Amino acid sequence: MFKFFSSLVLLTLLILLPTSFAAEIKAQTIVLKKPPEALTQWYKPANKRQVWLHTMFRLRREVLAMKDYAAKGQQPELEKWSQKFAKDYRSIAEMVPQWEEYLYVDKLTQLQTLVKQQDYAAIPAQLKKISKSCMHCHDDFQTVSTLLYRTPDFSTQTIPQGHDEVALDYDEMMEHLSDSVNRINIAIKDGYYTDAHQAIAPLDKQLQALASHCSSCHKQDKQPIERIMSASRDLLAELAAQLQHQDKKAGRKLGEFAVKVCARCHAVHRLTADLKSIAE
């Protein structure tokens with residue numbers, strides 16, 4: 001009887017375990033939908049302008065204008081902005097035909113009727129109904145679209161190292177930087193302060209090469225580069241001084257450098273670049 005009961009329990013576990021395991025895996029899975037290929041042509045670099053992005057900005061602005069002018073009862077301005085909104089809203093289906101199903105065209109028609117009738121009290125509620133169509137699309141595609149079309153692609157870029165040196169791709173460059181930082185760290189931990197001090201100059205040279213390449217994208221706003229490079233120069237100078245005095249706190253200064261210089265860029269670029277490579 002005991003053997004039969006044990007066998008029954010074992011059989012039950014074998015039947016239930018795969019199901020529960022599959023359910024657990026499903027519960028931990030995040031599914032992201034890839035937008036239609038038609039969307040690509042409305043973003044850079046396929047397009048000279050960020051057409052889709054600016055259309056979304058206009059739609060948000062137009063909704064706010066209609067709300068404000070309806071509240072004030074200013075009919076001429078309300079009609080002007082409602083016409084702009086209708087044009088931009090309908091352009092979504094023209095640019096990406098697959099997303100026509102998301103649009104509430106009937107509610108848009110009702111909104112235009114309310115504007116003509118000067119039914120100011122009903123307009124905000126109607127705009128809220130139409131805005132739900134925006135959220136449906138955003139819930140499914142906004143995150144992935146941002147990753148695909150607004151995140152730099154580092155996989156095709158190379159970083160010049162100097163006149164007599166071969167340019168490195170980003171993976172190689174990051175590996176060199178990581179080796180340089182860790183080489184200093186190892187030397188500090190083992191008490192080789194002179195070796196650690198000598199390793200600062202190669203690290204600084206690598207960072208200068210990286211900063212010069214960052215300028216290819218950060219053309220208008222130099223602040224991110226200046227902030228990081230300023231922190232780099234100051235912290236490396238402080239680190240060098242500590243190493244010269246064989247200060248045991250040099251390891252902490254190197255950690256501060258890693259946070260303020262390396263981690264800041266990684267937080268902005270590495271995470272999104274990695275997610276973009278997965279989404280593609």
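This is a short tour of the structure, stop by stop, with what to select at each one.

**Whole chain**

Start with everything shown. The model is predicted. The protein chain has 10 helices and 2 strands. Trace it along the sequence and the pattern reads α-α-α-α-α-β-β-α-α-α-α-α. Of its 280 residues, 33% count as buried. Now consider contacts between residues at least 6 apart in sequence: 62% of them join residues at least 24 apart.

**Positive patch**

Select Arg61, Lys80, Lys84 and Lys87. These residues gather in a patch of positive charge on the surface. Which helix gives the most to this patch? Colour helix α3, residues 75-95: this helix contributes 3 residues, the most to the positive patch. Lys87 is found in helix α3. Its relative accessible area is 66%, so Lys87 is exposed.

**Further along helix α3**

Stay on the helix and pick Gln75, which is also placed in α3. Is Gln75 buried or exposed? Gln75 counts as buried, because its relative accessibility is 10%. Show its surroundings. Leaving out residues up to four places away in sequence, Gln75 touches Val115, Lys116, Gln118 and Tyr120.

Next, select Asp88 and Arg58. Their side chains meet in a salt bridge, 3.1 Å from N to O. Asp88 lies in helix α3 and Arg58 in helix α2, so the pair ties together parts that are 30 residues apart in sequence. Asp88 is buried, at 7% relative accessible area. Arg58 is partly exposed, at 27%.

Side chains of opposite charge can pair when their charged atoms come close. How many salt bridges are found in the whole structure? The search finds 5.

Select Asp140 and Lys33. They form a salt bridge, with the closest N and O atoms 3.6 Å apart. Asp140 sits in helix α5 (residues 123-149), while Lys33 is in the loop between α1 (2-27) and α2 (51-72), so the pair links parts that are 107 residues apart in sequence. Asp140 counts as partly exposed, at 24% relative accessibility. Lys33 is partly exposed too, at 44%.

Move to helix α10, residues 250-279. Glu256 and Lys260 both lie here, 4 residues apart, about one turn of the helix. They form a salt bridge whose closest N and O atoms are 2.9 Å apart. Glu256 is partly exposed, at 26% relative accessibility. Lys260 is partly exposed, at 31%.

**The strands and the negative patch**

Go to the loop between β1 (158-159) and β2 (168-169), and pick Ala167 there. At 35% relative accessibility, Ala167 counts as partly exposed. Setting aside neighbours within four places in sequence, Ala167 is in contact with Thr158, Ile159, Pro160, Gln161 and Glu172. Ala167 and Ala209 are 42 residues apart along the chain, and their C-alpha atoms are separated by 9.9 Å.

Finish with one of the contacts of Ala167, Glu172. Select Glu172 together with Asp171, Glu175 and Asp179: these residues gather in a patch of negative charge on the surface. Glu175 has its place in helix α6, residues 170-189.

Key
Residues are numbered from 1 along each chain as its sequence is written. This is a predicted model: local features need pLDDT of at least 70, side-chain atom pairs count only at pLDDT 80 or more; totals for chains, interfaces and linings use all residues. Side-chain values use heavy atoms; hydrogens and water are left out. Patches are made of residues with over 30% relative accessible area and no salt bridge: like charges are joined within 9 Å, nonpolar side chains (Val, Leu, Ile, Met, Phe, Trp, Tyr) within 5 Å. Accessible areas come from the Shrake-Rupley method with a 1.4 Å probe; for residues, only the protein chains shown count as cover. A salt bridge is a side-chain nitrogen of Lys or Arg within 4 Å of a carboxyl oxygen of Asp or Glu. Lys and Arg count as positive and Asp and Glu as negative; His and the chain ends are not counted. The place of a charge is taken as NZ of Lys, CZ of Arg, CG of Asp or CD of Glu. Buried means under 20% relative accessible area, exposed over 50%, partly exposed in between (1.4 Å probe, protein chains only). Contact means heavy atoms within 4.5 Å.
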